[in-house]
Amino acid sequence: MSKRKFQTEVNQLLHLIIHSLYSSKEIFLRELISNASDALDKLKYLTLTDDKFKSIKYDPKIEISYLDKDNKLLTVSDCGIGMNKDGLAKNLGTIARSGTKQFLENLTGDSKKDSSLIGQFGVGFYSSFMVADKVEVISRKAGEKEAWIWTSDGKSGYSIDNSVRKTAGTDIVLHLNDEGKEFVNRWEIQNIIKKYSNHIPFPIFLHYEEEKYDKKGEVKGKEKKTDQVNAASAFWKRPKSELKKKDYNEFYKTISHDHEDPMMHIHTQAEGTLDYTTLFYIPKIAPFDLFQVDHQAGVKLYVKRVFITEDDKELMPSYLRFVRGIIDSEDLPLNVSREILQKNRILAKIKSNSVKKILSELTALTKKKDKYLEFYEQYGRLLKEGAYQDFENRDTLLELLKFKSSKTDDYTSLAEYVDRMKEDQKSIYHITGENEESLRNSPLLEMYNGKDIEVLIMDDPFDEIIIPSLQKYKEKPFKSVHHSDAADDLKTEDSKSDKKDLKPLVKKIKKVLGDQVKDVLVSSRLNESPSCIVADQNDPTAKMQEMFKTMGQSTMPDVKPILEINPEHKIVKKMKALGKTKTFEDLCWLLYEQAMLIEGVKLPNPATFVTRLNNFLIKSI
Ligand code: ADP
């Protein structure tokens, strides 16, 4: 007997499931059935593509036995792909998905909130421990002779030993606990299957015992019976007119592990040059691993209702990786290999039609403002990624983007911004950073506010990378107010004369700051503040450089910012009269340091800044 411990994350997950999902115990059966269905799908694929498995007699079904009333055993069996010793240890003892640890740590302990979040994560097999105090998994992998039994009480770990099983497949045997015993009965089982698993494409049989009566109506022993409980037809193939929202929501739960109803579904049954069906769902809450490199793909590919693959990230463009659902093609060959799929023209066409369909539904959703914002809060960042990646659909995607703005507290679209643009305004201005409040108060906005020009407030650090690459919207270039040339098309003539006058001062400041700045310029964008920093036309901003450094990208060259000074500000005016004194030097540094701080960039040496500041405070007290 080999005893092993669960990975820490499994323990945490088990604990959470038991404490936050107890009010929806019934989902354990949905999870076990959907695992069984996946296992059948995977074996079917092998029988079609791998010579070793072509001779296997494949009679897919899921069997649930509820016979042993006294011992209260409930068994879920499938004749699918099965697991060997390693598979059992890996699949039922660890959670391999990266980001799991952090995800579990972030859960709050507020069971209501946790239960919906944990649903996003997918509770899967471990949910059995809500109704069982012991679970046995007897499994034999297709193509192998040995069978194994995995046993656990869901607390101390698990053991794996040799076992026997005549054919490939898996039996999950639940030893029901007190609550489970009370809760599980034949009717309940039937109801749960009908509710959650009616549209699993394989037949689900329920084996049970029924009391037999004689002519006088007295009990005369028991009779074994079997009923097929579900409809066992591919849900997505049913006519749309027959399907209600409730049906769509239930099917969603069988394919997604999600606990909540989806935000929306998009069902397409195309006939003509290409015959295919797609059924896509958008989860209400973004899947937790969207920004992990090894996020799970959410779309499954079927050919003529036969499952082909689920982990192919090529089925959807990566920016639509939050979409869950299925693609089922009538035109692809059944024994298509994954390598061929990637170059297949039929699939490429289905994919491109699907993307257009999803984007057009989202465009329609923009008409319902609140609903669209709910969507955008979850997935907005991915649409920006899309506008950056998907050249073919860029125009549509640009219309789907929303931004905060200096002129509204609400989100605005680019079209609305352009509508409000002044007649002589040539560019779309934006400011980027991490904090909305400090962006709204940034000195960089002073000139724009003064001239009543709208600036988009982009407080997602991601914007700083994406927006420059979009270049323009409806022939209007995007201009970052952080760049030295942003104000060029707005400058007025009179500012030029000031500049000459200030030449000696600028030269002196430059000398003090040395190579900490790329240049010192007289600003025409400041009203209230004495100084600001900007990046040279094609340089990354100071904030962006800091971001890349924290991400571990040290390859980025260290480019210095440009310091702009406000010729109208008292400090600057007074500096003109000062010689090269210590006070002058300190003022130069303070102009630079305060501008950096306002940009949200950390000072390399905050202590020197504070000392300088205190020196001036002492003088003024
Ligand atoms: P998920 O289904 O989300 O991956 P589970 O915890 O339910 O999470 O299952 C973990 C893994 O165990 C599955 O991905 C699958 O590889 C394996 N597994 C579970 N049940 C079965 C089964 N009946 N047959 C074969 N493999 C299974």
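Predicted model: local features only at pLDDT ≥ 70, side-chain atom pairs only at ≥ 80, totals over all residues.
Rings of Phe, Tyr and Trp (its six-membered ring) pair if their centres lie within 6.5 Å, and planes under 30 degrees apart count as stacked, over 60 as edge-to-face and the rest as tilted. Local features need pLDDT of at least 70 and side-chain atom pairs count only at pLDDT 80 or more, while totals for chains, interfaces and linings use all residues. Residues are numbered from 1 along each chain as its sequence is written, and side-chain values use heavy atoms, with hydrogens and water left out.

**Aromatic rings**

- Phe 6 and Tyr 158 make a tilted pair, with 5.5 Å from centre to centre and 35° between the planes.
- This pair links distant parts of the chain, 152 residues apart: Phe 6 is in the loop between strand 1 (2–4) and helix 1 (8–20), and Tyr 158 is in strand 6 (residues 158–163). Helices (H or I, at least four residues) and strands (E, at least two) are DSSP runs, numbered from the N terminus.
- Phe 6 is buried at a relative accessible area of 7%, and Tyr 158 is buried at 6%. Buried means under 20% relative accessible area, exposed over 50%, and partly exposed in between (1.4 Å probe, protein chains only).
- Phe 375 and Tyr 379 also form a tilted pair, because their ring centres are 5.3 Å apart and their planes are at 40°. These two residues are 4 apart in helix 11 (residues 369–389), so about one helical turn separates them.
- Phe 375 is buried, with a relative accessible area of 0%, and Tyr 379 is buried too, at 1%.
- Phe 6 and Tyr 158 belong to a cluster linked by ring pairs, together with Phe 125, Tyr 126, Phe 129 and Trp 150.

**Charges over rings**

- The charged end of Arg 186 sits over the ring of Tyr 208, 3.7 Å from its centre. For this, NZ of Lys or CZ of Arg must be within 6 Å of the ring centre and within 35 degrees of the ring normal.
- Arg 381 lies over the face of Phe 462, 4.9 Å from the ring centre.

**Around the ligand**

- The residues around the ligand are Asn 35, Ala 39, Asp 78, Met 83, Asn 91, Leu 92, Gly 124, Phe 125, Thr 170 and His 257 (a residue is near a molecule if one of its heavy atoms lies within 4 Å of it).
- The side chain of Asn 35 has an N or O atom 2.7 Å from an oxygen atom of the ligand.
- For Asp 78, a side-chain N or O atom is 2.9 Å from a nitrogen atom of the ligand.
- A polar side-chain atom of Asn 91 lies 3.4 Å from a ligand oxygen atom.
- Taken alone, the ligand exposes 530 Å², and the protein buries 80% of that (Shrake-Rupley method, 1.4 Å probe).

**Backbone spots to look at**

- Ala 232 has a positive phi of about 55° although it is not a glycine. Most residues other than glycine have a negative phi.
- Ala 232 is found in the loop between strand 9 (219–228) and helix 8 (245–256), and counts as partly exposed at 22% relative accessibility.
- Lys 304, another residue other than glycine, has a positive phi near 45°. Lys 304 lies in the loop between strand 12 (299–303) and strand 13 (306–309) and is partly exposed, at 35% relative accessibility.

Notes. Polar contact = N/O pair within 3.5 Å; in protein donor to acceptor, adjacent residues only side chain to side chain.
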